[in-house]
Amino acid sequence: MKKQYFPFIILLSILSACSDNSDFDATGTFEATEIIVSAESNGKLFRLDAEEGTHLTQGEEVGLIDTVQLYLKKLQLEATMKSVDKQRPDIRKQIAATKEQLSTARRERTRVENLLKANAANRKQLDDWDSQIAVLQSQLEAQISSLTNSTQSLNEQSSSVAIQILQTEDQLNKCHILSPINGTVLAKYAEPGELASTGKPLFKIADTENIFLRAYVTSSQLEEVKLGSQVKVFADFGDKNRKEYQGTVSWIADEAEFTPKTILTDDERANQVYAVKIAVKNDGFIKLGMYGEVRFSEEQ
């Protein structure tokens with residue numbers, strides 16, 4: 001009896017396996033956008049609250065690098081800014097005396113001119129006042145020019161110091177370690193007390209809510225795959241336990257790959273595959289690296 005049913009059981013298993021594979025157009029694994037957050041400043045790492053599995057929101061502060069030296073530098077620059085501002089001359093007050101002398105000289109010239117018309121003064125007196133007015137006018141212009149140049153020089157110094165203050169503030173901000181995206185911490189590479197340096201990896205985070213299935217399709221399947229099209233994605237939990245999700249084709253590779261890549265025979269050239277990414281909204285059950293299947297058409 002066992003010998004009679006054994007081939008039949010094997011046949012059923014093969015047909016069942018073929019039937020299961022034909023239910024899906026492509027298979028792949030679930031991936032997510034991963035970001036390695038690195039230090040942007042040098043100094044002792046005071047705090048890093050980025051434990052593996054922790055969910056972080058975009059912009060949330062999770063760590064701090066020593067800011068003492070940068071803060072002291074900022075205080076020094078602010079003191080320099082105040083000193084420069086105090087040196088800036090008040091042009092209106094500085095030229096007030098010369099303008100008053102010039103105004104007086106013009107009034108005296110007018111008085112002498114009237115006396116000259118009445119033959120009560122001579123021409124030399126009028127010329128003397130004209131000469132004095134010209135001297136005072138030249139002095140006023142020279143004074144204004146000198147004070148203006150001095151003000152411009154101090155303004156440039158002030159602008160330079162202001163830029164340095166902004167640079168220091170930017171460096172201070174970079175000492176505060178922020179989460180770049182909403183996601184879950186996958187790995188932690190540093191601990192408080194360690195010396196951080198610019199570019200040193202601190203932790204890795206991934207957006208586990210908006211994940212994608214990376215699958216491969218043949219050239220004959222490309223006509224069924226279009227960017228933005230809605231497809232059915234199935235997360236494979238093992239033991240034929242699958243869960244259906246709605247997916248959107250978000251990327252299709254421009255170039256085909258050979259399978260396997262190291263074999264370039266005529267037979268293998270027919271097995272060209274294209275990588276595709278299918279965006280899926282994760283409800284928390286899908287884990288990165290999990291296998292999944294996709295169905296492009298509703299007919300199957």
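Author: Helices here are DSSP runs of H or I with at least four residues, strands are runs of E with at least two, and both are numbered from the N terminus. The model is a predicted one, so local features need pLDDT of at least 70 and side-chain atom pairs count only at pLDDT 80 or more, while totals for chains, interfaces and linings use all residues. Residues are numbered from 1 along each chain as its sequence is written, and side-chain values use heavy atoms, with hydrogens and water left out.

Let's start with Thr168, which is found in helix α5 (residues 123-174). Thr168 is buried, because its relative accessibility is 1% (buried means under 20% relative accessible area, exposed over 50%, and partly exposed in between, with a 1.4 Å probe and protein chains only). Leaving out residues up to four places away in sequence, Thr168 touches Leu70, Lys73, Lys74 and Leu77, where contact means heavy atoms within 4.5 Å.

Now for the part I would look at closely: Arg47. This residue lies in strand β3 (residues 43-48), and Arg47 is partly exposed because its relative accessible area is 28%. Gly63 is 16 residues from Arg47 in sequence, yet the two are 4.7 Å apart in space, C-alpha to C-alpha. Setting aside neighbours within four places in sequence, Arg47 is in contact with Glu61, Val62, Gly63, Leu64 and Pro192.

What do the side chains of Arg47 and Asp49 meet in? They meet in a salt bridge of 3.0 Å, N to O, a term for a side-chain nitrogen of Lys or Arg within 4 Å of a carboxyl oxygen of Asp or Glu. Asp49 counts as partly exposed, because its relative accessibility is 44%.

Arg109 and Glu113 meet through their side chains at 3.2 Å, N to O. Both lie in helix α4 (residues 96-117), four residues apart, or about one turn of the helix. Arg109 is partly exposed at 23% relative accessible area, and Glu113 is partly exposed at 28%. In helix α5, Asp128 and Lys124 are separated by about one helical turn because they are four residues apart, and their side chains form a salt bridge of 3.1 Å, N to O. Asp128 is partly exposed at 40%, whereas Lys124 counts as exposed at 55%. Back at Arg47, salt bridges that share partners join Arg47, Asp49 and Glu61 into one network. The structure holds 18 salt bridges.

To set this in the whole, the protein has six helices and 15 strands, and buried residues make up 30% of its 300 residues. Its largest nonpolar core has 23 residues, of which Phe30, Val233, Ile278, Val280, Val294 and Phe296 touch the most other members. Such a core is a set of buried Ala, Val, Leu, Ile, Met, Phe, Trp, Tyr and Cys residues joined through side-chain atoms within 4.5 Å. A second, separate core of 19 residues includes Leu48, Leu56, Leu172 and Ala196. Finally, of the contacts with a separation of 6 or more, 77% come from residues 24 or more positions apart.
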